[in-house]
Amino acid sequence: WGGNSRFRRIEPKQLVRVPDGAEPAEAACLAETYLSAYQMLHHTQRSGLRHKRDALGGKSVMVLGALTNLGRATIELANVGGATFVYAPCKDKQRNGVREIGGTPLRQDMAEWLPHLEGKIDIIIDATGILDVQNMNRALVLHDRGAYFFVGAAANVVDQIVEKWTGKAKIVACTGRKNKNKLSNQIQGYDVFDSWKNNLETCKRDLSQLLKLLRRGVIRPRVLDRIPLDKVARAQEIVASKKLQGYLVCEPWIKSVQRAVLL
């Protein structure tokens, strides 16, 4: 059923060609995680601009949950797009890992960096999956036209947490410059499945661009293993119980042999 099938019937208009030279298992990682990161980073740009090499030139990005698969893809694509700064609040033990993937680590205590970054961030991408007031406070670094994305969150859920956040201090300046009510209009949810449903042609163009970057070796998803169809159930259990830093890709036609390092 669904993705756990050897064969699927699909309309030709929904397909995107994988160019020769692109590794199929790596290409399979792009349609969800990498596409999510790409569309949030380029949310205000038309195709003519968003696909240019320096499309994010002069932009400052903050990634919450930097060492998740989505966080890694976001940092990778932000750097590919020429972003000037890519910040990532993280635990002290994660700082080296953030540097290795091209991010600038910040301490989790925002009091250390808020005075320096307030009003200077263009895009915040929240890949933590945690909708809470503490994360919301980081929206204070956005400039007046910046955007804060909660990934995978329905619009009504985002609205509820924003209402809870702004309700604590309505019409009261949070810092010397920012007001929560004004910021609430800059906070939104993003769901890649809704994007595929509602913006098919844009998704196809963006995915085609990602496939070009993959073929050229500009981006490189981290494939941990390739698994046969009969190992999918066990793989899903592992994914649900662990935060894997990489992808398990199902190749339905391969034989069930002891090749999966995590199964």
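**View 1. A salt bridge between Glu112 and Arg107.** Glu112 and Arg107 are joined by a salt bridge whose closest N and O atoms lie 3.7 Å apart, a salt bridge being a side-chain nitrogen of Lys or Arg within 4 Å of a carboxyl oxygen of Asp or Glu. Glu112 counts as partly exposed at 44% relative accessibility, and Arg107 is likewise partly exposed at 34%, where buried means under 20% relative accessible area, exposed means over 50%, and partly exposed lies in between (1.4 Å probe, protein chains only). Side chains of opposite charge can pair when their charged atoms come close. The model is a predicted one, in which local features need pLDDT of at least 70 and side-chain atom pairs count only at pLDDT 80 or more, while totals for chains, interfaces and linings use all residues. Residues are numbered from 1 along each chain as its sequence is written, and side-chain values use heavy atoms, with hydrogens and water left out.

View 2. Eight salt bridges are found in a search of the whole structure. In one of them, Arg50 pairs with Asp206, and the closest N and O atoms are 3.0 Å apart. This pair links distant parts of the chain, since Arg50 belongs to helix α3 (residues 47–50) and Asp206 to helix α11, 156 residues apart; helices (H or I, at least four residues) are DSSP runs, numbered from the N terminus. Both partners are buried, Arg50 with 8% relative accessibility and Asp206 with a relative accessible area of 0%.

View 3. The side chains of Glu201 and Lys204 meet in a salt bridge, with 3.8 Å from N to O. Because Glu201 and Lys204 are three residues apart in helix α11, about one helical turn separates them. Glu201 is partly exposed at 43% relative accessibility, whereas Lys204 counts as buried at 16%.

**View 4. A network of salt bridges.** Salt bridges link Glu23, Arg226 and Glu251 in a network.

**View 5. Two aromatic pairs.** The structure holds two aromatic pairs, in which rings of Phe, Tyr and Trp (its six-membered ring) pair if their centres lie within 6.5 Å, planes under 30 degrees apart counting as stacked, over 60 as edge-to-face and the rest as tilted. Phe85 and Tyr87 form a stacked pair, 5.6 Å from centre to centre and with 15 degrees between the planes. Phe85 is partly exposed, its relative accessible area being 40%, while Tyr87 counts as buried at 12% relative accessibility. The ring centres of Tyr148 and Phe150 are 4.9 Å apart and their planes stand at 45 degrees, so this pair is tilted. Tyr148 is buried with a relative accessible area of 0%, and Phe150 also counts as buried, at 2% relative accessibility.

**View 6. Helix α2 and the position of Thr33.** Thr33 is found in helix α2, which spans residues 30–41, and Thr33 is buried with a relative accessible area of 14%. The helix is mostly covered, with ten of its twelve residues buried, among them Leu30, Tyr34, Tyr38 and Met40. Thr33 and Thr74 are 41 residues apart in sequence, and their C-alpha atoms are 8.8 Å apart in space.

Conventions: Helix = DSSP H or I, 4+ residues; strand = E, 2+ residues; numbered from the N terminus.
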